[in-house]
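Work through the exercises below with the sequence and the coordinates open. Each task is followed by a solution in steps.

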Amino acid sequence: MRLSAPGRTATAAAIAVAALLTTSAISTAATGTTAPTRAAAPDIPVANVKAHLSQLQSIASANGGNRAHGSTGYKASIDYIKGKLDAAGYTTTVQQFTSSGRTGYNLIADWPGGDPNQVIMSGSHLDSVSRGAGINDNGSGSSAVLETALAVSREQYKPTKHLRFAWWGAEELGLVGSSYHVRNLPAAERTKIKGYLNFDMIGSPNPGYFVYDDDPTIERTFKTYYSGLNIGTEPEREGDGRSDHTPFKNAGVPVGGIFTGASTAKTSAQAQKWGGTAGQAFDRCYHSSCDTTANINNTALDRNSDAITYAVWGLSQ
């Protein structure tokens, strides 16, 4: 996540799916129709997500300690994710742009099939700041989105809507990559995107559970998932306007997402609700050299990786 201008388990997930199915059945009872059978989202092994984080850490370590825009570390990160997606059967496109005199890259991956006029898109920024490896910010979101995309391939999932995944460059310089992408999308293509889901920092070491409250359908989908885990959520405020959903939102695309917090301190009420340490930042290593693989809460990463998959499956059927 860029700086502000100044400065589940499988069982629990099954419960959440059952809740959605029940709601669907109720909504169709009055008309006498039968609710369609929905495919349940698979469980995402957190070990798989952490393996991607380890790779991103290794890339940073081999390239001056970071994966920032214009660096060899960033390009190696793009190449790593693209290789995984190409092998999994995705159609990938690398979009090139220039910012601050350096070349940047977005990576777009489309899963074959689904209605091309109804696109569900999930994305995260892949760049780090120059001061560190950027493992929570935003290796966490990037790795979970990657593993969700790979789960689509493993399951040979056939959604009704078309699935698209994206990894953005130069977010830390002001949402440059995602803004470039949206700006260069023809209006007819923008209107095909029925939801953009953004994942920026989902494994903070002192985590909160924040849900974007922009689009009500997307928001409800995430809140239903967390309700199945008996986790209360709060509206996301710290990152308003500071991550890659913003260009999509400004272009009229419905947006949503989840977040575990950055430099803001966790309150006593939040610590009572979620655990962790009151008075301490959600991520003490935000934009710092200590944002390494040691800077991840495995429970939050596990829950939120499954939340992504749950939303992708639920919104694309």
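Helices (H or I, at least four residues) and strands (E, at least two) are DSSP runs, numbered from the N terminus. The model is predicted, so local features need pLDDT of at least 70 and side-chain atom pairs count only at pLDDT 80 or more, while totals for chains, interfaces and linings use all residues. Residues are numbered from 1 along each chain as its sequence is written, and side-chain values use heavy atoms, with hydrogens and water left out.

**Exercise 1. Overall description**

State how many helices and strands the protein has, and what share of its residues is buried.

Solution. Step 1: the secondary structure consists of ten helices and eight strands. Step 2: buried means under 20% relative accessible area, exposed over 50%, and partly exposed in between (1.4 Å probe, protein chains only). Step 3: by this criterion, 55% of the 317 residues are buried.

**Exercise 2. The hairpin and its neighbour**

Describe how strand β2 is paired and how far it is covered.

Solution. Step 1: two strands pair if DSSP finds at least two bridges between them. Step 2: β1 (residues 91–99) and β2 run antiparallel and are joined by nine bridges; in this pairing Thr 91 stands opposite Asp 110. Step 3: the two strands form a hairpin with two residues between them, and Ser 100 in the turn has a positive phi of about 55 degrees. Step 4: Gly 101 also sits in the loop between β1 and β2, and it counts as exposed because its relative accessibility is 74%. Step 6: seven of the nine residues of β2 (residues 102–110) are buried.

**Exercise 3. A covered strand**

Explain why β8 is described as largely enclosed, and list its partners.

Solution. Step 1: all five residues of β8 (residues 255–259) are buried, so the strand is largely enclosed by the rest of the structure. Step 2: in a regular strand the side chains alternate between the two faces of the sheet. Step 3: here Val 255, Gly 257 and Phe 259 point one way, Gly 256 and Ile 258 the other way, and all are buried. Step 4: β5 (residues 193–199) pairs with β8 in the parallel sense over four bridges, with Leu 197 opposite Gly 256. Step 5: β6 (residues 210–211) pairs with β8 in the antiparallel sense over two bridges, with Val 211 opposite Ile 258.

**Exercise 4. Backbone angles**

Asn 230 and His 287 each have a positive phi although neither is a glycine; is each one buried or exposed?

Solution. Step 1: Asn 230, with phi of about 60 degrees, lies in the loop between α7 (216–228) and β7 (234–235). Asn 230 is exposed because its relative accessible area is 73%. Step 2: His 287, with phi of about 55 degrees, lies in the loop between α9 (268–274) and α10 (298–315). His 287 counts as buried because its relative accessibility is 6%.

**Exercise 5. A cis peptide bond**

Locate the cis peptide bond that involves Asn 138.

Solution. Step 1: the bond joins Asp 137 and Asn 138, with omega of about 5 degrees. Step 2: Asn 138 belongs to helix α4 (residues 135–155).
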